[in-house]
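Trainee: I am new to this structure. Please take me through one part of it closely, then connect that part to the rest.

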Amino acid sequence: MTKSTETDTTIDSASFESIARLTYNESGLQLATEKKSMIQSRLRHRLRALDLEDFKQYTALVCSDSGRDERKHMISALTTNVSHFFREAHHFDILTNNLENNLIPRLKSGGAVRIWSAGCSNGQEAFSIAMTLLELLPDAEKYNVRILATDIDSKVVRHAQAARYSDRLTSGIPDRFLNKFFVKDVIDEEKIYTATNCLTNLVSFKELNLLGNWPMKQKMDVIFCRNVVIYFDLETQNALWPRFHQSLNSDGHLFLGHSERIADPQLAGFRTDGPTTYRPL
Ligand SMILES: C[S@@+](CC[C@H](N)C(=O)[O-])C[C@H]1O[C@@H](n2cnc3c(N)ncnc32)[C@H](O)[C@@H]1O
């Protein structure tokens, strides 16, 4: 019998609890007990990759001092990275309005604009922001505007940096943008679209844990943090809002995902201004 067929890939309760606690402390992600079998199947390949016999061995490794690298693989396996180009289009309408009336006039008079896609996954959100900007300001590169895009998961950050998307991932991109901002290749009969420099030059992708330090020095004009905090508990969410408030300019916008809310906006220093859209008080 080979080692892999000997592997016991059923997660025991004690291992599940240790992994859930570790994941919560490291990333804020909550692993509900009902999701045990999903967690088990998402981590199973890690046991095989490491040639471990069962989840007890895996748990001992990730909880140990020498498990730092594996903790990153574990978080990567446990995050949900689903994203789409131009997801939740109403935020891009608000962004367009804000760019036209406020941010682009500021750029043209020599000011700076900073936009943050926090929890950017494979980069679809950040590139959608870049396309929205470039449609209104085709020579955006000449101005002091940057889009920062960050995620805890190094795997998706690498995907975003490569800026390559298979045909099925590009469905939300209007044809006029796909033709203008992407180069098409056919590899092994699959269409692959690569973002051109005019998009990639506007965006910096970086690994960043929202629970850790935020090294950015400049305040943001717009923060997209959509479909990220839905995986956090109320305590973690409530600790995040004042940090976003501090990172935003006084006339900035914070966009959350469709099923996310700031429980007490006023307490966090925000007012509601449109669907899942918040602005500093
Ligand atoms: C469902 S995706 C959302 C992507 C995009 N914002 C959107 O709405 O399409 C959630 C992303 O949040 C990231 N994430 C989860 N916990 C995080 C944390 N503590 N710090 C930074 N990113 C985190 C995940 O890695 C994942 O890529």
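Mentor: Start with Phe86, in the loop between helix H5 (68–78) and helix H6 (89–108). Remember that this is a predicted model. Phe86 is not a glycine, yet its phi is positive, about 55°. Its relative accessible area is 17%. The cut-off for buried is under 20%, so Phe86 is buried.

The domain assignment gives domain 1 as 3–78 and domain 2 as 89–280. Taken over C-alpha atoms, the domain centres are 31 Å apart. Ten residues of domain 1 touch eleven residues of domain 2. Between them the two domains bury about 820 Å². Carbon and sulfur atoms account for 44% of that area. Tyr24, Gln30 and Ser76 stand out on the domain 1 side. They supply 43% of the area that domain 1 buries against domain 2, more than any other three residues.

Next, the polar links. Six residue pairs are in polar contact between domain 1 and domain 2, counting pairs with both residues at pLDDT 80 or more. Helix H2 (13–27) and H5 each give two or more residues to the side of domain 1 that touches domain 2. H2 gives the largest share, four residues. By class, this side of domain 1 has three nonpolar, five polar and two charged residues. One salt bridge is counted between the domains. Lys72 and Glu207 form a salt bridge, with their closest N and O atoms 2.5 Å apart.

Side chains of opposite charge can pair when their charged atoms come close. The whole structure holds eleven salt bridges. Take Asp167 and Lys191, whose closest N and O atoms are 3.8 Å apart. Asp167 sits in the loop between strand S3 (164–166) and helix H9 (175–181), while Lys191 is in strand S5 (residues 190–195). The pair therefore ties together parts that are 24 residues apart in sequence. Asp167 is partly exposed at 33% relative accessibility. Lys191 is partly exposed too, at 34%.

Lys142 pairs with Asp139 in another salt bridge, at 3.3 Å between the closest N and O atoms. Lys142 is exposed, with a relative accessible area of 68%. Asp139 is partly exposed at 28%. Then there is Asp273 with Arg279, at 3.6 Å. Asp273 is partly exposed at 30%, whereas Arg279 is buried at 16%. Salt bridges also link Arg106, Asp221 and Asp251 in a network.

Asn227 lies between strand S7 (220–225) and helix H11 (234–247). Its phi is near 60°, a positive value in a residue other than glycine. Asn227 is buried, at 15% relative accessibility.

Asn122 is in the loop between strand S1 (112–118) and helix H7 (124–136). Asn122 counts as buried because its relative accessibility is 12%. Its side chain makes a polar contact of 3.2 Å with the side chain of His159. Setting aside neighbours within four places in sequence, Asn122 is in contact with Asn81, Val156, His159, Ala160 and Tyr165.

Key. Residues are numbered from 1 along each chain as its sequence is written. This is a predicted model: local features need pLDDT of at least 70, side-chain atom pairs count only at pLDDT 80 or more; totals for chains, interfaces and linings use all residues. Side-chain values use heavy atoms; hydrogens and water are left out. Buried means under 20% relative accessible area, exposed over 50%, partly exposed in between (1.4 Å probe, protein chains only). A polar contact is a pair of N or O atoms within 3.5 Å; within protein, one must be able to donate a hydrogen and the other to accept it, and residues adjacent in sequence count only if both atoms are side-chain atoms. Contact means heavy atoms within 4.5 Å. Domain bounds come from an automatic or database domain assignment. Buried area is the accessible area (1.4 Å probe) that two parts lose on being put together, summed over both. A salt bridge is a side-chain nitrogen of Lys or Arg within 4 Å of a carboxyl oxygen of Asp or Glu. Ala, Val, Leu, Ile, Met, Phe, Trp, Tyr, Cys and Pro count as nonpolar, Asp, Glu, Lys and Arg as charged, and the others, Gly among them, as polar.
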